[in-house]
Amino acid sequence: MKKLLKNKQALVTALIENAVSVILLIFVIFMIFTKRSFSTWDNIVNIINESSIYGIAACAMTIVIISGEFDLSASSVFGWSTVLFVLTINAFGIVAAFFITIACGALFGAFNGILVAKVRMPAFVVTLGTMIAIKGLAYVVTNAQPVNTTNETLKAIGDISVAGISIIPMVYLAMLVLFIWFLKHTRFGRNIYATGGNYEVARLSGINVAFSKFIVFTILGAAAALAGIMYGVRIKAGWAPYGQDLSLYCIAATIIGGTSLLGGTGGVHKTIIGILVLAVLFNALTLLGVSGSMQKFIRGLVLITVIMLDSIVARRQKE
Amino acid sequence: MDRKRVLDIIRSNGILIVILLLIIVTGIFESNFLTVNNLLNVLRQVSVVGIVACGMTFCIIGGAFDLSVGSVVSLAGVITILNINAGTNEYLAILYGLLAGIAIGIVNGVLISIIHGRTSEAFIVTYGMQVVVASIALFPSNGLFISGRVSEGFFKSMGQGVMPIIIFLGLATIMQFVLTKTPYGRRMCFIGSNMDVAKMSGINVIANRVSYFVISGVLASLGGIVLCSRVTSSNPTAGLNYEMDVIAAVVVGGTQLSGGSGSVYRTVIGAVIIGIMSNALNILGITAYHQQIVKGMLILLAVGMDIVNKRMKMREMTHEKVVEE
């Protein structure tokens, strides 16, 4: 009896700790039984394709959050990259366009990184400023008009598909593997955890904390640019307002996945769950015929519920 | 020594000097910039952001954060206009608008208090509220404009002439007084700088913190109503991204996001600086999109200078101490 009770307690603790995954599972089962179109291969592919673009940026955002910072400017870098990618494709061809866009994103990220790591300005203010400025830049360059391209190679790349899965989820998967390896198995990755966990202690133990903070912003800049390129691959167009909600979406996915905003804990593998939860939720709401503004309403409620749950669980664990 | 003092003044008021230069240059090139009419126009334009920013300042000094204000601006406008169109007494309609802000403030405050949230939790919870409230504002009109059937009266006068400026500056004066001269304001700085110690000293942290969100909510509502009155119609997405403008005003003014210190006057200055800047750039014929770039840089410059300046002062102080010894 005692053993049973202990097992029960362990089960309850496990359930609470993985509340988000459990909710996701229940929700998926509910959807499978209520909507037949939900569990079709087409729809599953659709969910994967849809979630991959923001997923690329969300994984990099997770690294920034682990280092104890966050970045509001990723959304503007994304929009700017769709524009830059399309413009440079038309001017120099696809290979040059790819590298120029990634380099430019990394440069913006590095700018954020220098201001946060070296000047020690709060990340919120820095990235608020660059968010506004980069968005302005994208508007100025295109005169607020969308730009598009008819590049043949781009079309061919966009058409690649294996059992319905396009190239974008493959890039997403590659980035996931890369980021997880980087965080868990390299010195830089572990330094990022240490920097986010306790900045002063990390500094005193001889870790180059400034470099850790600098590099995470650069990575996110490049990843947001890559996400922008993937969006360009999908729709073959670029426009400044694209991806406006990217930053907050990525922060939300990270937190829903279980990485704390305080830094020092969590991981990219957790964010995959966060991205999945949001993607499945949107997909299900659309299939159920919920209107746009109602979807928004539910999305907000889910966000609040998850952060409340997460904080309460974290506090119970501490006690 | 004198040279050092001049340098010191330049350093601590860097952003004001930049703006002063902009004003002088624009004033020389364009004769209609430095007119009373134009300056009143600037004040009128910044008054809505300013009113909301005053509430946000309280929130930030108290160690929290409110991203939901933009949506509250939209919602309060929608509620007030709908009520006025339905024939409700205009004072009651305004009251309903304000009550919406109070209710959202209470929800924000209670949710964040339940999880003992700091700035980061407040960030996410109020972002969630922003999404929720924005969608509520869309429901009544399906996202469409609602024009107000009102041509005169108190509501109409709130957004016309010097009224918004009076509301803005009057509120700022009262709030600055509350912040600096009342126990409530002193407690706010205490809670903002160290919540745990404040709690141990017997301050009712929860009630106080909820009140900051309520103030922020009610002022966002007031801002929304003034905005509505100015154009006599409500747009359910009027407050989209407003929170960023509001936070920009607070930050450019020099209140630090870490909480515990700051002033409402600084926020007024921040709002006016941003207003004058965009007005001057408008008159010089620079497009809104170029202005965004300048605005982003202004935020970076203002805060960067503030931080570098503080660090240099600190270094000088320790240096002087060493010399004395």
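Tutor: Let us begin with Val52(B). Leaving aside its neighbours within four places in sequence, Val52(B) is in contact with Val69(B), Val73(B), Leu219(B), Ala220(B), Gly223(B), Tyr242(B) and Val246(B); two residues are in contact if their C-beta atoms, placed from the backbone, lie within 7 Å. The model is predicted, so local features are used only at pLDDT of at least 70 and side-chain atom pairs only at pLDDT 80 or more, whereas totals for chains, interfaces and linings use all residues. Residues are numbered from 1 along each chain as its sequence is written, while chains are lettered from A and ligands numbered from 1 in the order in which they are written.

Val52(B) also belongs to the largest nonpolar core, which has 193 residues; Val52(B), Ala57(A), Ala223(A) and Ala227(A) are those with the most contacts inside it. Such a core is a set of buried Ala, Val, Leu, Ile, Met, Phe, Trp, Tyr and Cys residues joined through C-beta atoms within 7 Å. A residue is buried if 20 or more other C-beta atoms lie within 10 Å of its own, exposed if 12 or fewer, and partly exposed in between. The largest share of this core, 16 residues, comes from helix α11 (residues 209–235) of chain A. Helices (H or I, at least four residues) and strands (E, at least two) are DSSP runs, numbered from the N terminus.

In chain B, helix α11 spans residues 205–231 and holds Val226(B). With 25 C-beta neighbours inside 10 Å, Val226(B) counts as buried. Apart from neighbours within four places in sequence, its contacts are Ser47(B), Val48(B), Ile51(B), Met158(B), Gly159(B), Pro164(B) and Ile167(B). Of these, Pro164(B) is 62 residues away along the chain, yet the two C-alpha atoms are separated by 6.8 Å.

Chain B as a whole has 14 helices and two strands, and 48% of its 325 residues count as buried. Among its contacts between residues at least 6 apart in sequence, 79% join residues at least 24 apart. Its C-alpha trace spans about 75 × 60 × 30 Å along the principal axes.

Helix α12 (residues 246–257) of chain A has twelve residues and reaches 16 Å from its first C-alpha to its last, close to the 16 Å expected at 1.5 Å a residue; the expected span is 1.5 Å times one less than the number of residues. Twelve of the twelve residues of α12(A) are buried, among them Leu246(A), Tyr249(A) and Ile255(A). After α12(A) comes Gly258(A), with a positive phi near 115°.

Helix α4 (residues 74–92) of chain A packs against α12(A) at an angle of about 130°, with the axes 6 Å apart. The two helices, α4(A) and α12(A), are therefore oblique to each other: angles under 35 degrees count as roughly parallel, over 145 as roughly antiparallel, 65 to 115 as roughly perpendicular and the rest as oblique. Ala74(A), Ser75(A) and Phe78(A) in α4(A) meet Leu246(A), Ser247(A) and Cys250(A) in α12(A).

Asn143(A) lies in the loop between α6 (123–142) and β1 (147–148) of chain A, has a positive phi near 55° although it is not glycine, and counts as exposed with 10 C-beta neighbours inside 10 Å.

Note on methods
Axes fitted to C-alpha atoms, helices over the stretch in contact; angles between N-to-C directions.
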